[in-house]
Every structure is written in C-alpha cells, then in structure tokens.
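My notes follow the order in which I looked.

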Amino acid sequence: MPKRPAPRPSHEFAVTLGGVLRAARKRKKLSLKVLAAQAGLSQAAVVHIESGRHYPSFPHLLLLSSIYDLPAWLLFKIAQDQHLRNPPCPSPPAPAVTLS
C-alpha cells in the first residue's frame, strides 16, 4: 500500500511561525549572522525561515528553540494563537472579464 504524503501546513502559518522565530531572535538580541553561525545555517536559510518561505526542519526548530531558551512547543503555541487570532484574509475575487 503506497504511503500518502503528510499534509503540508499552510503558507500563512509558515509566515506566522517565521514571525515568531524572528521575534524570539530579536528578543535575544541576535543578529542574523550570529544566529546563522550558532545554528549552522546560512543567513539566507534563516531569512527564508523567518519570512515564511520555508519551514524549519524539526532538528533545526529544536536547535533554534534551544538557542532562544524557549521550548519548541511554546514557539508553535504562540504561532498557532497568533494565526487563529489573525486568520489570513481571503483573496479578493478575480475581476470579471468581458469579451467583445
């Protein structure tokens, strides 16, 4: 029986989680360069995670949470609470097109 791929979280949640991770980095007064060096990531990878373009892998999330002195579950909980309080706006309907 073929395995089904795991459902992917929404892009909007990735953006929210990235914002939480950015706030945690700033709370610790870490620059992108210093955090990237401590986590063994490139600065571009950190930017992609914080902007929501990429989800952090589970090992990277655990590493980031230890650098921030926050449990990983708390980072997810904060992101989930923010996401539920401010759900993404639905896309506006596409304009009607008339053919002449």
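**Entry 1: the chain**

I note at the start that this is a predicted model. I counted the elements of the protein chain and found five helices and zero strands. Read from the N terminus, their order is α-α-α-α-α. I then looked up burial: of the 100 residues in the protein chain, 29% count as buried. For contacts I took those in the protein chain with a separation of 6 or more; residues 24 or more positions apart account for 69% of them.

**Entry 2: α2 against α3**

I asked at what angle α2 and α3 pack. Helix α2 covers residues 32-39 and helix α3 covers residues 43-51. Their axes are 8 Å apart, and the packing angle is about 105°. Angles of 65 to 115 degrees count as roughly perpendicular, so α2 is roughly perpendicular to α3.

I listed the residues that meet. From α2 they are Leu32, Lys33, Leu35 and Ala36, and from α3 they are Gln43, Val46, Val47 and Glu50. By type, the residues of this contact of α2 with α3 divide into five nonpolar, one polar and two charged.

**Entry 3: α4 against α5**

On the α4 side I found Leu61, Leu62 and Ser65, which meet Ala72, Leu75 and Phe76 in α5. The residues of this contact of α4 with α5 divide into five nonpolar, one polar and no charged.

**Entry 4: the core**

Leaving aside its neighbours within four places in sequence, I found Ile67 in contact with Lys28, Leu30, Leu35, Gln38 and Ala39.

**Entry 5: the aromatic pair**

I searched for aromatic pairs, and the structure holds one. The ring centres of Phe13 and Phe76 are 6.3 Å apart and their planes are at 10°, so the pair is stacked; the cut-off for stacked is planes under 30 degrees apart. The pair links distant parts of the chain, with Phe13 in helix α1 and Phe76 in helix α5, 63 residues apart.

Phe76 has a relative accessible area of 34%, so I put it down as partly exposed.

**Entry 6: Glu50**

I had Glu50 on the α3 side of the contact with α2, and I went back to look up its surroundings. Glu50 is in helix α3. Its relative accessible area is 5%, so Glu50 is buried. Not counting residues up to four places away in sequence, Glu50 touches Gly18, Gly19, Leu21, Arg22, Arg25, Leu32, Leu35 and Tyr68.

**Entry 7: loop residues**

Which phi values are positive in residues other than glycine? I noted Lys29, with phi near 60°, and Asp69, with phi of about 60°.

Lys29 sits in the loop between α1 and α2. Lys29 has a relative accessible area of 74%, and I recorded it as exposed.

Asp69 is in the loop between α4 and α5. Asp69 is exposed too, and its relative accessible area is 56%.

I also looked up Pro71, which lies in the loop between α4 and α5. Pro71 is partly exposed, with a relative accessible area of 35%. Pro71 and Leu61 are ten residues apart in sequence, and their C-alpha to C-alpha distance is 9.6 Å. Leu61 was already in my list for the α4 side of the contact with α5.

Definitions and conventions: Residues numbered from 1 in each chain as written. Predicted model: local features only at pLDDT ≥ 70, side-chain atom pairs only at ≥ 80, totals over all residues. Heavy atoms only, no water. Axes fitted to C-alpha atoms, helices over the stretch in contact; angles between N-to-C directions. Helix = DSSP H or I, 4+ residues; strand = E, 2+ residues; numbered from the N terminus. Parallel < 35°, antiparallel > 145°, perpendicular 65-115°, else oblique. Contact = heavy atoms within 4.5 Å. Nonpolar A, V, L, I, M, F, W, Y, C, P; charged D, E, K, R; others polar. Phe/Tyr/Trp six-rings, centres within 6.5 Å; stacked < 30°, edge-to-face > 60°. Buried < 20%, exposed > 50% of the residue type's maximum accessible area, 1.4 Å probe, protein only.
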